[in-house]
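Reader: I would like to go through the terms used for this model and see what each one rests on. Please set the values against the definitions.

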Amino acid sequence: MNLNIFKQSNKIAVLTGATGGLGKKLVSYLLEEHYKIIMIARNLAQLEQISLHYGDKVIIRICDISHLNEIQYLCEDIKKQFHHINALIHCAGNIYPGSFSNLSDQLILNQLQVNLNGAIFLTKGLLPLMCKKSSIVFINSLGGIFPLKDSALYSASKYGLRGFALALAMELRPRKIYVSSIFPGAIDTQMLHNEMQNGGSLLNFCSPPLEPEIVCKTIMKALKKKGLEYYIPKWSGLQTKLLMLKPYFILRLIPFVEKFCEKRKKNWQKNNLHS
């Protein structure tokens, strides 16, 4: 694939998880702001389908970010073609819900690799290309500040990602490279459907699942405003942080919250059945 078409562009965005429900939506928002986009995902067929729609405005790159050698190859490939990156957006993520004791070692490793380690190594590999006033955006989750029952590894990876992002922001801000984290509630994508079909946390329905467009707009806001953390919906960040002041009480509160969320989950399933 020829990368030379991008050399005329001033704004370059690297997007992981580009074939997911959120990533696909985000492409159009980035293009509206005149970014040229390097789309990264594992599925070649899906990448090619998106590429056909947008033509030479995007370039596709296959990379499984659960494998360090693939990340290293990708970073070297991009470095050979570009002298700068304006936005690095980490949309890739996965979740395998269920009891921790029943998770295989491979599923444990995979969640940590994709949600945390992969983002860390890709950021490290592309950091030399990040120019002044550029942005690194991590799509985290409310599960990164509030523990999700039956998704212990997902919560662990997202908690770790928040810590990494905050520390990295302190380190890079003097260089005028800005780090932002987005903390949405559940997003109404295929990933959520798959999660709930496999015993996902009822806490996904503390608030109604978000449309991907709402999250995309927040990401674009982060690219412009360079804020440190964004919560969707806004009140959820404050509410969650207050609850975490006394983690012991969460254990007592969860059974009542789950009953409330169960009703919302049934309404969500009913609406999706009729749509």
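Author: Contact means heavy atoms within 4.5 Å. Axes are lines fitted to C-alpha atoms, for helices over the stretch in contact, and angles run from 0 to 180 degrees between N-to-C directions. Helices (H or I, at least four residues) and strands (E, at least two) are DSSP runs, numbered from the N terminus. The model is predicted: local features need pLDDT of at least 70, side-chain atom pairs count only at pLDDT 80 or more, and totals for chains, interfaces and linings use all residues. Residues are numbered from 1 along each chain as its sequence is written, and side-chain values use heavy atoms, with hydrogens and water left out.

Reader: Which strands does helix α1 lie across, and at what angle does α1 run to β1?

Author: Helix α1 (residues 21-32) lies across β1 (12-16), β2 (36-41), β3, β4 and β5, and runs at about 170° to β1. Helix α4 (residues 105-126) lies across β1, β4 and β5, at about 175° to β4.

Reader: What makes β3 and β7 edge strands?

Author: Two strands pair if DSSP finds at least two bridges between them. Seven strands form an open sheet with parallel pairing, in the order β3-β2-β1-β4-β5-β6-β7. Within that order, β3 (58-62) and β7 (229-232) each pair on one side only. The twist averages 15° from one strand to the next.

Reader: How many bridges join β4 to β5?

Author: Five bridges join β4 (residues 85-90) to β5 (residues 130-139), and the definition asks for at least two. L88 stands opposite I136 in β5.

Reader: Why is the pair of F205 and W268 called tilted?

Author: Rings of Phe, Tyr and Trp (its six-membered ring) pair if their centres lie within 6.5 Å; planes under 30 degrees apart count as stacked, over 60 as edge-to-face and the rest as tilted. By this rule there are four aromatic pairs. The ring centres of F205 and W268 are 5.2 Å apart and the planes are at 50°, so the pair is tilted. F205 lies in the loop between α6 and α7 (212-225) and W268 in helix α9 (residues 247-274), so the pair ties together parts that are 63 residues apart in sequence.

Reader: What makes the pair of Y248 and F249 edge-to-face?

Author: Their ring centres are 5.8 Å apart and their planes are at 70°, so the pair is edge-to-face.

Reader: How do you know that the charged end of K11 sits over the ring of Y35?

Author: The definition requires NZ of Lys or CZ of Arg within 6 Å of the ring centre and within 35 degrees of the ring normal. The charged end of K11 sits over the ring of Y35, 4.3 Å from its centre.
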